[in-house]
Amino acid sequence: INEDNKRCAFVGGFVGNGFMVSNCTNEVEIKYTAGGSYVGGIIGYADRNISPDFLTYKNVKNNAPVYGADYVGGIAGYLYCAYITLQVESAVNTAAVYGNGDYVGGIRGFGRSSDRDGYFYIYDSDNTGAISGNNYVGGIIGYGRATYDDSAISNSSSTGSIKGNSKTGNIAGELDTMQIK
């Protein structure tokens, strides 16, 4: 998927703006660098503020390079949930993820639950691809924020190289009210 010369929003290998995804693998390069925000190997953008109580991404895999500007991830570029639990389980990224802006991650570029009431979890997820961006760059997630401090990234790893200017980390570029277990 090459959207370099187009002004699109929400570019994803399977879902541009999506909510629940499971059991799928992306094998196609995703390239959207001309101002391309919200780019992911599986999901470009998801913003959910109503039922169901859980927003889940499970058994998803990206095996092809992903290029974008801001909010770029091997699995998802941007995920936000209000009043509910947001979880990513058994996600794998094996390819390079390049963002020429902020919020770039091997699994997710940006993820957050509501300021009022929400949990956020990433379980059993792995990245082996090289991750490159400007600020908030991480092997699993560029930036993650949750309402409750028992929200966590657990049993997850990243072995790919991480390059960024600030707020970079092997697992996360930055976490707010979240733990790494």
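I took helices (H or I, at least four residues) and strands (E, at least two) as DSSP runs, numbered from the N terminus. I called two strands paired if DSSP finds at least two bridges between them. This is a predicted model, where local features need pLDDT of at least 70, side-chain atom pairs count only at pLDDT 80 or more, and totals for chains, interfaces and linings use all residues. Residues are numbered from 1 along each chain as its sequence is written, and side-chain values use heavy atoms, with hydrogens and water left out.

Entry one: strands.
I looked up G105 and found its bridge partner in strand 18, G138. Strand 13 (residues 104-105) and strand 18 (residues 135-138) are parallel, with two bridges. I then followed G138 and found G169 of strand 23 opposite. Strand 18 and strand 23 (residues 166-169) also run parallel, joined by three bridges.

I found five strands in the order 4-8-12-17-22, paired in parallel. Strand 4 (30-31) and strand 22 (162-163) are the edges, each pairing on one side only.

I counted 15 aromatic pairs (Phe, Tyr or Trp ring centres within 6.5 Å, using the six-membered ring of Trp; planes under 30 degrees apart are stacked, over 60 edge-to-face, the rest tilted). Y103 and F110 are edge-to-face, 5.3 Å between centres and 90 degrees between planes. Y136 and Y143 are edge-to-face too, at 5.7 Å and 85 degrees. Both Y136 and Y143 are buried (under 20% relative accessible area; exposed is over 50%, partly exposed in between; 1.4 Å probe, protein chains only).
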